[in-house]
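Here's a quick tour of the model shown below.

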Amino acid sequence: MISSVATIDKKKYRYDSKAAEKPIRFFEKYLIHVQGDKAGKPFILEDWQKFHIRQVFGWINKKTGDRKHRYFYLEIPKGNGKSAFVSGLALYMAGVDGPKASETYCVAGDREQARIVFDSCVELINNNSKIKDKFKPLRFSITHKASRSTIKVLSSDVSGKHGFRPYFIAFDEMHVQPNRELYDVLTKGMMKSRNSLCGMITTAGEIGTFAEEIHDTAVSIAKGLVQNEYWYVAIYSAYDEEGNQPDPQDIFNEEVIAQANPGYGDNSIIRPADFDIIVQDTKAQKTGI
């Protein structure tokens with residue numbers, strides 16, 4: 001994993017364990033899984049998810065009391081529970097963390113993609129008696145009743161891209177953004193809300209797209225080549241920390257698979273037994289068997 005953790009200035013920032021644990025408590029006390037084998041069970045976060053939440057929410061500016069991180073970039077392969085994770089964060093930011101009438105946006109290149117996280121938020125609400133009466137889901141918006149904070153769907157084809165005051169932006173799949181226009185409009189709007197946060201949780205992008213531009217920026221920040229203390233970066237891939245590609249013979253090595261997929265493990269999101277089915281099928285097709 002390539003990460004920006006090592007670049008934190010401990011003289012300027014302190015770690016606040018209470019702030020770091022608050023989102024985790026929200027997940028595990030108030031949310032339940034709505035799909036798969038864990039449906040109906042408490043949303044107990046995996047260790048890797050807790051680690052990133054603690055890094056994003058736990059570091060506080062000693063002088064101002066503000067959160068250090070205003071952007072976080074998490075690049076992770078498909079199948080690691082990305083949508084449910086970011087949906088839980090959206091509910092936390094709208095219902096617990098944010099100020100009155102805060103704005104949270106589920107963003108993607110088109111409305112259908114943007115609805116993936118939004119619809120996951122609705123499922124988490126409708127299938128959970130602990131929070132069902134706290135939020136009011138509609139077709140394109142969710143309102144937290146007590147604070148009047150909202151969660152809305154937003155895509156790059158929206159007209160009149162201005163006037164936003166986002167407190168939390170949940171960018172899903174950066175590679176489907178046609179350009180940086182919506183990103184620029186929303187992140188500039190973040191200046192209107194103290195402690196606002198832009199979350200980019202995405203799979204690897206494609207060459208020549210805006211996603212590649214954001215990926216390159218994130219890598220440069222993580223390596224200290226570009227100075228931006230407001231970004232938190234974590235990138236999971238089969239490449240090593242120097243950017244070297246693994247030997248083709250090792251691509252199905254379990255250590256390489258685990259390195260690229262933090263949700264890989266016997267009791268995790270991706271079970272080795274299930275993943276092995278895909279691996280064996282891919283090997284067979286490559287060898288013509």
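## Overall picture

A contact here means heavy atoms within 4.5 Å. With that in hand, among the contacts in the protein with a separation of 6 or more, 71% come from residues 24 or more positions apart. Keep in mind that this is a predicted model.

The protein has 289 residues, and 48% of them are buried.

Nine strands form an open sheet with mixed pairing, in the order β1-β11-β4-β10-β9-β5-β8-β7-β6. Which strands stand at the edges? They're β1 and β6 (135–137), each with a single partner strand, so one side of each has no neighbour in the sheet.

Further in, β5 (residues 103–108) runs parallel to β8 (residues 149–155), and the two pair over six bridges. Valine 107 sits opposite leucine 154 in β8.

## Helices on the sheet

Helix α3 (residues 82–97) packs on the sheet and touches β4, β5, β6, β7, β8, β9 and β10. Its direction makes about 175° with that of β9.

Helix α5 (residues 181–189) packs on the sheet too, touching β4, β5, β8, β9, β10 and β11. For α5, the angle with the direction of β9 is about 155°.

## Lysine 11

Lysine 11 is in the loop between β1 (2–3) and β2 (13–15). Is lysine 11 buried or exposed? It's exposed, because its relative accessible area is 76%, and exposed means over 50%.

Lysine 62 is 51 residues away from lysine 11 along the chain, yet their C-alpha atoms are separated by 8.4 Å.

How values were computed. Residues are numbered from 1 along each chain as its sequence is written. This is a predicted model: local features need pLDDT of at least 70, side-chain atom pairs count only at pLDDT 80 or more; totals for chains, interfaces and linings use all residues. Side-chain values use heavy atoms; hydrogens and water are left out. Helices (H or I, at least four residues) and strands (E, at least two) are DSSP runs, numbered from the N terminus. Buried means under 20% relative accessible area, exposed over 50%, partly exposed in between (1.4 Å probe, protein chains only). Two strands pair if DSSP finds at least two bridges between them. Axes are lines fitted to C-alpha atoms, for helices over the stretch in contact, and angles run from 0 to 180 degrees between N-to-C directions.
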